Amino acid sequence: MSNPLVSIIIPAYNSEKYISETLNSILSQTYGNMEIIVVDDGSSDRTAEIIKSYQTKRNDKPDLIYIHQLNAGPSNARNTGIRVAKGKYIAFLDSDDLWTDGKLEKQVSYMEANSDVALVFGDMSLFSSEGTLTESAFRKYGFPQCNQRGRVTNAFKELLERNYISTGTVLLKKECFESAGYFDELLKYAEDYDLWLRISLMFKIGCIPEIFRLKRMHDSNLAKEEESFYKSNIYILHKIKKNYSPAIAHRKININNYIFKAIKKLSYFYYIKKQYIKALRALILSYTLIIKESLKNIINEAV
């Protein structure tokens, strides 16, 4: 399609086992004005062969664009896809996950009816190779606070509490990237959280409380480096504080409190791993931050 309304970006790395199911879940959507962009991030298996086999079956189906690049990580791969995307709206799906029926149609209808919203997301559930579904994320962790028009109230503040936006459920305007920037390619973990925080400071965010993403559970995506994840959150919060202090202050939010909590979580992680020196250092760092902020406030009040 020469003028697709939606561009779907799939970063793929050695995805031969699941990529067909992922593509089929997109091609079975009830909405069809779209293009599919698969960015092969240096795969060494049959990923390219499988994707290209879909390109020979196009007929009246959406365009499937295949891009191969040297391995640079999912953030870089997504950014590559965003830059070549033609659509007004961007959606993401990992190469081992699935969309539920009607996902795109419902979200496009919502976005077209709510022009003031820049991003809409939905719920997700995990599933196993046996097809077993877990409880939805919204039910497990709580629904984000939305008003009657489906807008998230205090979206940035709620994101500071927890990341309630699952990347595979998102549909957003491509113009968001011009203002908020792209995925931070320095981040190995939580790069999506970093982007949602930036977008929530600039745009309205909508929510449709339905399961749109089925995230596959398997060994390669269950093994996370927890230490790096906690450190990434601390880095993200510091970066947001540095670059967006006026916007944060306007919302009367003390982001230092959230940095403090993030460092304490890292300290507790070290503690349960019996890395007591690292735990103590992190704890001292967290309290040092609070003391410095308190002194700064006292000085400001005195002058």
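**Tyr164 and its chain**

Visitor: Why is Tyr164 called buried?

Guide: In this predicted model, Tyr164 has a relative accessible area of 4%. Buried means under 20%, so Tyr164 is called buried.

Visitor: Where in the chain does Tyr164 lie?

Guide: Tyr164 is in a loop, with helix H6 (155-161) on one side and strand S7 (171-173) on the other.

Visitor: Which residues does Tyr164 touch, leaving out those up to four places away in sequence?

Guide: They are Phe121, Phe138, Pro144, Val152, Ala155, Glu158 and Leu159. Phe121 is 43 residues away along the chain, and its C-alpha atom is 9.2 Å from that of Tyr164.

Visitor: What makes the pair of Tyr164 and Ala155 a polar contact?

Guide: A polar atom of the Tyr164 side chain lies 2.8 Å from the backbone oxygen of Ala155. The cut-off is within 3.5 Å for N or O atoms, one able to donate a hydrogen and the other to accept it, so the pair counts as a polar contact.

Visitor: How do you know whether the radius of gyration of the protein chain agrees or disagrees with that of a compact globule?

Guide: For 303 residues, a compact globule would have a radius near 19 Å; the protein chain has 21 Å, which agrees. The C-alpha trace spans about 70 × 45 × 35 Å along its principal axes.

Visitor: How many of the 303 residues are buried, as a percentage?

Guide: Buried residues make up 51%. Of the contacts with a separation of 6 or more, 78% are between residues 24 or more positions apart.

Conventions. Residues are numbered from 1 along each chain as its sequence is written. This is a predicted model: local features need pLDDT of at least 70, side-chain atom pairs count only at pLDDT 80 or more; totals for chains, interfaces and linings use all residues. Side-chain values use heavy atoms; hydrogens and water are left out. The radius of gyration is taken over C-alpha atoms; the globule rule is 2.2 Å times the number of residues to the power 0.38. Buried means under 20% relative accessible area, exposed over 50%, partly exposed in between (1.4 Å probe, protein chains only). Contact means heavy atoms within 4.5 Å. Helices (H or I, at least four residues) and strands (E, at least two) are DSSP runs, numbered from the N terminus.
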